[in-house]
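I ask you to look at the structure with me as I go through a few of its features.

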Amino acid sequence: MSRGVWTRIAAALGAASLLAVVLVAWWSAPAEGPAPQSVATPTRPGEAVYGPPLPAAPNPNGSLEAIPSPAFSELPDPGLEPLPSDREGVSAVLVANPLYAFPPPALEGCPEASLPADEAAWRESVSRQWACLHAGWAPLLDGQGWPTAEPPVHFYSGAGADSDCGYVEGPAFYCGRGEGSVHFGSAHFAMAKGWDLAVREMVSHEYAHHLQRVSGITGAWAEDVVSARSTNVRRSELQSVCWSAMMAVRSDPEFDVADYESWNLRLHTMQESEAHGDRAALVEWGLRGLHAATAGDCNTWAVPDERVS
């Protein structure tokens with residue numbers, strides 16, 4: 001599989017709210033590039049507020065066993081320890097969600113990672129990747145009695161777009177009103193032209209937020225009083241970073257060392273912020289996702305606050 005030379009790095013990050021969930025993927029260029037623009041970050045049910053530009057830099061839990069495929073077995077061992085299974089006073093929906101017992105489904109028919117030739121190719125790749133993820137997860141969601149309607153995919157030009165959750169700025173965002181919807185903008189197209197794994201990463205990150213909503217995680221953390229809301233935003237975002245990596249691996253049976261190194265570089269150049277975590281947290285949870293045997297290997301809700309700093 002061909003690998004493009006990527007010149008721009010993106011952070012697929014955002015925050016959730018209980019009634020109107022808008023999850024924004026924040027993007028920035030490398031340090032030598034232009035500064036990112038402000039984007040909307042929802043902090044309360046039904047409300048989106050604008051944050052300043054971010055600096056650029058970039059279970060029941062699983063066993064962290066390698067995914068059984070010849071390519072993946074060759075990847076470096078990150079030496080990650082198993083996660084705790086509980087945190088005192090925290091809802092079972094967060095720390096012991098039934099979703100955590102699932103191995104990530106094998107995702108068949110996803111588009112090959114590549115640099116899009118034009119905007120039409122990018123839109124097709126995003127739409128196909130979203131549909132591929134949903135087709136893989138829908139049977140598992142149905143088995144739990146959770147919503148299985150596939151959220152529609154929308155595209156927009158410019159800094160932001162209107163949605164059922166109001167106007168939101170960012171390269172991509174997920175809105176949880178109704179049956180949910182996902183939106184991808186011009187900034188993500190620019191990112192995808194420079195990194196061949198960009199579509200896989202961003203689509204998987206936004207679908208992770210959809211999984212959080214339909215499984216009850218979003219609603220539960222919005223009501224949680226054990227951790228500060230800002231810490232729960234980070235737990236939500238870092239879980240999505242982790243699940244994004246987990247799904248990216250499952251989208252490609254030939255995911256190899258070159259892909260692993262590319263993704264690892266991505267983790268080391270993501271934006272750091274109060275909402276999204278520091279470098280150590282981004283790298284740890286991203287690597288956990290690459291090696292995840294179950295969705296529970298991304299259980300950010302069971303660890304102490306310092307693990308999601």
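Predicted model: local features only at pLDDT ≥ 70, side-chain atom pairs only at ≥ 80, totals over all residues.

**A helix pair and its surroundings**

Let us begin with two helices: the axes of α6 and α8 come within 7 Å of each other and cross at roughly 35°. The crossing in which α6 passes α8 is right-handed. On the side of α6, the contact is made by Leu-238, Val-241, Cys-242, Ala-245, Met-246 and Val-249. On the side of α8, the residues that take part are Ala-281, Leu-282, Trp-285, Gly-286, Arg-288, Gly-289 and Leu-290. Sorted by class, this contact has ten nonpolar residues, two polar ones and one charged one.

Let us now consider α8 by itself. The helix covers residues 279-290, which is twelve residues. From its first C-alpha to its last it reaches 17 Å, close to the 16 Å expected at 1.5 Å a residue. How many of the twelve residues of α8 are buried? Eleven are, so the helix is largely enclosed by the rest of the structure. Among the buried residues are Arg-279, Val-283, Glu-284 and Leu-287. The buried residues of α8 pack against α6 and also against α7.

Is Ser-251 buried or exposed? Ser-251 has a relative accessible area of 5%, and a residue under 20% counts as buried, so Ser-251 is buried. If we leave aside neighbours within four places in sequence, Ser-251 is in contact with Leu-107, Cys-110, Gln-129, Leu-133 and Arg-200.

For a contrast, please turn to Asp-77. This residue lies in the loop between β5 (47-50) and α1 (92-95). Asp-77 has a relative accessible area of 70% and is therefore exposed. Which distances separate Asp-77 from His-291, in sequence and in space? The two are 214 residues apart in sequence, yet their C-alpha atoms are 8.6 Å apart in space.

Finally, the protein as a whole. Its secondary structure comes to eight helices and ten strands. Of its 309 residues, 59% count as buried. The protein exposes about 11,400 Å², and carbon and sulfur atoms supply 54% of that area.

Thank you for your attention.

Terms used. Residues numbered from 1 in each chain as written. Heavy atoms only, no water. Buried < 20%, exposed > 50% of the residue type's maximum accessible area, 1.4 Å probe, protein only. Contact = heavy atoms within 4.5 Å. Helix = DSSP H or I, 4+ residues; strand = E, 2+ residues; numbered from the N terminus. Expected span 1.5 Å × (residues − 1). Axes fitted to C-alpha atoms, helices over the stretch in contact; angles between N-to-C directions. Left-handed = near helix turned anticlockwise from the far one by under 90°. Nonpolar A, V, L, I, M, F, W, Y, C, P; charged D, E, K, R; others polar. Areas by Shrake-Rupley, 256 points an atom, 1.4 Å probe, with all protein chains shown as cover.
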